[in-house]
Amino acid sequence: MSLALIIQYLFSGITSGGIYAIVAIGFNIIYNSTGIINFAQGEFVMLGGMIAISFCHYMPLPAAIVCAVAITALVGALIEFVFIRWLKKPNVLQMVIITIGLSIVIREAALNIWDEKVRSLPYFTGNEISSIKLLGAYISPQVLWVLFTCAAIVICLNLFFSYTLTGRSMRACSANRTAAALCGVNVRNMVTLSFMISAAIGALAGCVVSPIAQTHYDCGTPLAIKGFTVAILGGLGNSTGAVAAGLILGIIEAFSISLLPSAFKDVVTITILLLVLFFRPSGLFGSREAGALKEF
Amino acid sequence: MRQAIPFCVFAALAIAVQMITALTGTDYFLTQITMSGWYALVVMGLCMLMGYAGQISIGHAAFFAIGGYTAAVLTTMNLLPCKNGAFVKLLSGMGMTIAGTNSWGTDILYLSPWLSLIAAVLISVFTAWIIGIPVLRLKGHYLAMATLGFGTIIYRIALGTPLFGGADGLSDVPPFRLFAGLVIDGSRTHRLAGYYCAMAMILVVIVMLSNLVNSRAGRALRAIHGNEEAAQAMGIDTARYKLNLFVLSAVIAAIAGVFMTHYNGGIGPAEAGVMKSIRYVAIVAVGGMANLWGTLVAGMVLNFLSLRGYFGSFDDAVFGAVLILMMVFAPNGILVKRRKRQ
Amino acid sequence: MPLLEVKNLSKSFGGLHAVRDVSFAVEQGMIKGVIGPNGAGKTTLFNCIAGSLQPAAGSAVLFDGGPIHRLPPHAVARKGIARTFQTIKLFAHMTVLENVMVGCHLQSRGSLMAGMLKLPYTWKEERTVRAAALELLDKMGILSLADHDAAHLAFGQQRAVEFARALALKPRLLLLDEPASGLNIHETALVGGLIRRIRDSGVTVLIVEHDMSLIMSISDELMVLCFGQKIAEGKPRDIQRDPEVIRVYLGEESCSA
């Protein structure tokens with residue numbers, strides 16, 4: 001394999017890895033505030049892309065993306081409000097099944113609102129054939145958009161959780177709900193906010209990757225599985241770990257195409273998921289004992 | 001023998017339904033009822049696993065597919081070209097091969113479906129055992145994801161391997177000649193045979209599983225579900241029990257897959273898909289997590305409606321909605337037997 | 001030879017040394033009590049003996065001369081050691097009778113297959129197990145609760161079921177983890193009498209308890225733990241007078257870690 005080809009695979013891996021990391025961070029935010037694994041996380045990505053595609057016929061692209069992110073965030077809030085908020089002490093099995101059911105309903109709703117055709121947003125800059133030569137490989141400028149967006153999301157979230165009052169309140173909720181409530185934090189609103197943020201970043205990721213990976217009603221589920229793999233690999237609840245794990249998984253997946261038929265690309269990811277679950281469920285970066293402690 | 005009443009009622013109902021369809025000329029309903037019956041076997045095994053032992057499995061369709069594909073691959077292999085090979089001669093001598101013609105009229109020699117049934121059971125036991133050992137050590141979300149992952153792997157293998165027919169699956173699966181003229185295939189002449197075979201198998205399975213629930217092993221499983229740590233303190237090897245039940249439910253699903261494949265004359269990768277697995281979970285949820293009869297009823301009804309097309313293009317959405325509604329409003333199912341209270 | 005021997009048992013969780021180099025023995029037929037302030041490591045000690053926790057290397061637990069510290073909990077139970085839990089762990093969605101019948105699990109041998117096929121030998125086993133369970137409930141005085149859902153009982157009744165379930169194992173050693181917690185004075189006295197009757201029937205008892213009147217009155221020997229270390233061992237009367245023990249429970253200074 002030539003160096004240029006390796007660089008090509010590397011960029012492809014980092015691109016998809018960045019998206020997986022964003023989905024994983026979405027998982028982590030909701031998990032940290034509620035202890036729930038939201039199986040519908042992938043659908044937020046799909047919704048963001050689909051809504052933006054519909055809207056960009058009527059308004060300039062940036063406006064369409066903003067609207068898509070906002071609407072998806074509202075969907076997230078709605079889900080939390082209707083299904084999660086007033087559940088009394090649900091057990092894990094219940095929550096797993098509910099969020100799976102939600103992901104199916106959202107997916108089928110998308111199928112009926114749009115259709116099964118594959119669509120994509122227009123490229124943010126340039127078009128399908130424009131490319132930039134970087135380190136010997138030709139990559140689309142959209143790849144840089146994806147990387148930039150992922151980095152921006154991670155940085156902004158870090159700033160939000162470290163330096164704003166709301167962000168710190170959310171961290172307080174995830175560390176100890178009762179104590180946070182006693183300090184005057186409105187825990188229920190924090191939970192809704194966590195759903196909104198997860199949905200929003202998922203939607204943004206969906207928009208930015210849409211030109212490269214295409215969007216269709218069914219693209220949420222594989223993303224959810226991969227995002228979950230990344231979240232576990234990086235240590236559930238640990239978002240810095242998620243970024244690293246996302247890049248690792250993306251690169252492994254990209255290189256696996258050179259060895260296996262592409263139909264088995266998903267098999268590689270899932271095998272990694274199973275191996276992690278069996279041998280090191282605390283992830284690469286989580287310590288076994290701190291696995292019980294939650295941190296952003 | 002008061003306990004035998006539900007079983008007799010079931011048998012009577014099965015006969016009654018068949019008679020009614022015969023009298024009203026709606027025999028074609030029997031086809032969907034039969035298919036619902038094979039699917040119901042899967043959910044009954046899953047009900048034991050999820051409801052009584054408390055282990056969630058969102059990948060159970062994989063075992064159905066393993067059974068079905070094993071049957072399909074083994075019985076669609078044409079052995080005629082190797083007719084004079086030693087191994088084939090040995091099998092023919094034992095009566096394990098059957099001569100026939102396929103749907104294009106050419107002569108073929110294929111393996112006896114009995115052999116493929118045994119193979120399907122062995123393969124599903126092996127797979128469930130291999131997967132079960134690591135997976136059943138997990139709990140909650142991790143267990144759910146691991147089973148989902150396993151199911152997806154099997155689906156991808158079915159979809160992406162030419163041997164398994166890829167996206168089109170395998171077809172032209174020969175009929176399963178049981179005994180005394182009882183044949184499982186899709187033809188109208190054998191519709192009654194297929195129906196009664198399915199109903200008989202359901203009866204056998206539900207009798208055995210009901211026996212299990214009230215036995216020492218069943219108590220141990222329910223104890224594991226109730227409190228695993230305390231169950232261990234009672235001397236119960238919880239890992240082994242969970243694994244054995246997992247394997248049992250896998251075998252039941254695989255056998256159902258074999259019969260369904262012969263009935264339909266083929267199988268496709270969708271049978272291994274996540275949507276099918278979720279459907280099974282939804283049915284167990286509706287029927288009542290720890291309620292065999294409820295799950296059977298829910299399975300027959302929901303699958304029948306789905307197969308007849310009553311849910312239209314919202315088929316998957318219905319099951320998704322069912323899951324949500326069940327978990328939010330009736331986590332213990334709506335067909336729950338009321339417990340004796342004093 | 002003592003029935004139970006614990007040698008140099010240590011267990012840490014990360015930086016926390018829950019149990020540090022604890023050694024003691026329990027002779028057959030005695031009631032040995034373990035007391036100590038909260039956080040002294042008593043339940044951790046129990047869990048290491050019962051097999052739900054693995055003690056650190058260098059620790060040894062011998063039952064009847066044989067090592068059990070590497071065995072999983074169900075194997076420890078098979079050896080003849082039964083335990084109760086600090087928080088009641090009855091089996092949800094099962095009746096009281098079924099809970100106790102699970103305790104008889106090791107007294108019968110019906111397998112999964114045998115259960116499904118309802119083989120003849122299982123019929124007799126079921127009858128025997130059921131009778132044994134009912135007899136145990138009768139001895140505990142809760143026979144009338146046999147068909148009640150185990151989760152819907154009063155606290156004291158749940159404790160009684162737990163006792164019955166542990167006794168169903170026909171254990172040689174019974175580990176009781178705070179059996180009187182949550183019980184009133186009258187119920188506590190009943191528990192004391194019950195434990196003495198259990199001892200008289202030949203079962204050795206190792207009991208952790210906070211209720212001083214109970215444990216002082218029934219124990220043949222006491223051991224005091226503080227911050228994971230054994231600080232005193234002996235007859236109850238001597239323990240009561242031990243200056244170190246007094247300091248730990250009442251004194252101004254706490255034990256040095």
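Author: What follows looks at strand E3 of chain C and then turns to chains A and B. This is a predicted model, in which local features need pLDDT of at least 70 and side-chain atom pairs count only at pLDDT 80 or more, while totals for chains, interfaces and linings use all residues. Residues are numbered from 1 along each chain as its sequence is written, and chains are lettered from A and ligands numbered from 1 in the order in which they are written.

Strand E3 of chain C covers residues 31–35, and five of its five residues are buried. Strands (E, at least two residues) and helices (H or I, at least four) are DSSP runs, numbered from the N terminus. A residue is called buried if 20 or more other C-beta atoms lie within 10 Å of its own, exposed if 12 or fewer do, and partly exposed in between, with the C-beta atoms placed from the backbone. Ile31(C), Gly33(C) and Ile35(C) point one way from E3(C), whereas Lys32(C) and Val34(C) point the other way, and the residues on both sides are buried, the lysine included.

E3(C) has pairing partners in strands E8(C) and E9(C), where two strands pair if DSSP finds at least two bridges between them. With E8(C), residues 204–208, E3(C) runs parallel and is joined by four bridges; here Ile31(C) stands opposite Val205(C). With E9(C), residues 221–226, the pairing is also parallel and also has four bridges, and in this case Lys32(C) stands opposite Glu221(C).

Turning to chain A, one finds 11 helices and two strands, in the order α-α-α-α-β-β-α-α-α-α-α-α-α from the N terminus. Its radius of gyration, taken over C-alpha atoms, is 19 Å, which agrees with the value near 19 Å for a compact globule of 296 residues, the globule rule being 2.2 Å times the number of residues to the power 0.38. The C-alpha trace of chain A spans about 60 × 45 × 35 Å along its principal axes, and 52% of its 296 residues are buried.

Chain B has 13 helices and six strands. The radius of gyration of chain B is 20 Å, close to the 20 Å that the rule gives for 342 residues, so chain B is as compact as a globular protein of that length. Buried residues make up 53% of the 342 residues in chain B, and its C-alpha atoms fill a box of roughly 70 × 50 × 45 Å along the principal axes.
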